[in-house]
Amino acid sequence: MWKQTIVTGLVVASLCGTALSGTVYAADGPIDLRARIQTETGTAMPSPTLPVPAVHAEASVLIEAESGRILYEHNADKWMHPASTTKMVTLLTALKLRGTRMDEMATITPYATSMEPSVLGVRVGDELPLQAVAEGMMVASGNDAAVVVAENVSGSVEAFAEEMNKVAAEAGATHSHFLNPHGLTQVGHHTTARDLARIAAYGMRIPMFRDYVANDYYKVPYQNRAPETVRTTNLFIRNKYPGANGLKTGYTEAAGDCLVASSTRNGHTMIAVLLNDDYRWSDAPALLDYGFATVGGAK
């Protein structure tokens with residue numbers, strides 16, 4: 001009888017908004033409160049949420065990709081330097097404008113190979129499809145590869161940037177302006193954490209985009225020289241966070257350390273954007289853990 005009284009009291013407490021811990025102890029040992037309530041009353045209890053984590057980013061946001069629901073934000077609409085997170089828009093633009101023609105051979109110009117690091121390492125005269133350049137761009141965060149994509153798709157960086165802004169707007173970005181495909185600092189080239197989250201969520205609905213941003217390694221299939229394997233700059237992926245499937249790192253002196261991190265569990269995709277964050281590798285998992293606990297996808 002006393003057990004039923006405990007359970008009934010717990011149900012009442014939960015309905016009144018009282019937070020429940022997972023386990024209490026009675027005379028006959030530990031009681032899993034959520035399991036006991038569900039078993040004895042037939043009422044499924046919601047998963048507990050984690051406290052909102054402390055995040056060090058100058059601007060940040062956490063969204064559930066499927067619904068666009070904002071679960072956390074800080075300075076989400078502040079103009080920021082995006083650094084190489086720009087390359088998400090570069091990839092989206094190339095996929096939109098080239099689509100199935102991404103298998104055509106790319107032309108490598110001296111201007112493309114003159115880009116400062118980080119670079120994929122393409123050379124004038126290299127023979128490889130544009131698709132390989134784009135995929136290598138996302139894994140190695142190659143600024144040279146970004147220019148190759150822009151020049152092959154639109155003829156010039158300037159023309160390609162115009163298309164980038166159209167694609168960003170289609171993805172829901174309302175406070176961004178892109179002037180180049182790589183994200184190196186340029187006056188007038190800016191975005192926001194919220195816009196990057198929307199761009200990332202838009203991209204994750206496209207199979208080729210989703211495939212390109214999830215790679216830990218990529219073997220660049222040069223046809224005129226030996227293939228070279230590059231590894232992702234994204235320690236979030238390298239560290240095997242549960243469900244990790246993207247997306248993009250970034251760094252310049254102006255932007256600081258940036259990260260767009262995504263993970264999918266139990267049908268929920270969470271996207272965390274951290275701009276100018278010295279602790280991005282620990283802040284991203286903390287934010288994503290919070291998001292999954294909130295929507296019930298923590299397992």
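Guide: Let us start with a definition: a residue is buried when its relative accessible area is under 20%, exposed when it is over 50%, and partly exposed in between, using a 1.4 Å probe and protein chains only. Helices (H or I, at least four residues) and strands (E, at least two) are DSSP runs, numbered from the N terminus. The model is predicted, so local features need pLDDT of at least 70 and side-chain atom pairs count only at pLDDT 80 or more, while totals for chains, interfaces and linings use all residues. Residues are numbered from 1 along each chain as its sequence is written, and side-chain values use heavy atoms, with hydrogens and water left out.

Visitor: Which residues of α3 are buried?

Guide: The helix α3 is mostly covered, with ten of its twelve residues buried. They are Lys-87, Met-88, Val-89, Thr-90, Leu-91, Leu-92, Thr-93, Ala-94, Leu-95 and Arg-98.

Visitor: How far does α3 reach from its first C-alpha to its last?

Guide: The expected span of a helix is 1.5 Å times one less than its number of residues. For α3, with twelve residues, the reach is 16 Å, close to the 16 Å expected. Just after α3, Gly-99 takes a positive phi of about 50 degrees.

Visitor: What is a salt bridge, and how many salt bridges does the count come to?

Guide: Side chains of opposite charge can pair when their charged atoms come close. The rule here asks for a side-chain nitrogen of Lys or Arg within 4 Å of a carboxyl oxygen of Asp or Glu, and by this rule the count comes to 13 salt bridges. One of them joins Glu-58 and Lys-78, whose closest N and O atoms are 2.6 Å apart. Glu-58 lies in the loop between α2 (33-41) and β3 (59-64) and Lys-78 in the loop between β4 (69-74) and α3 (87-98), so the pair ties together parts that are 20 residues apart in sequence. Glu-58 is partly exposed at 27% relative accessible area, and Lys-78 is partly exposed at 37%.

Visitor: Where do Lys-166 and Glu-163 sit?

Guide: Both belong to helix α7 (residues 157-170), three residues apart, and are separated by about one helical turn.

Visitor: Is Arg-225 buried or exposed?

Guide: Arg-225 counts as buried, at 15% relative accessibility, and its side chain meets that of Glu-228 in a salt bridge of 2.9 Å, N to O. Glu-228 is partly exposed, at 32%.
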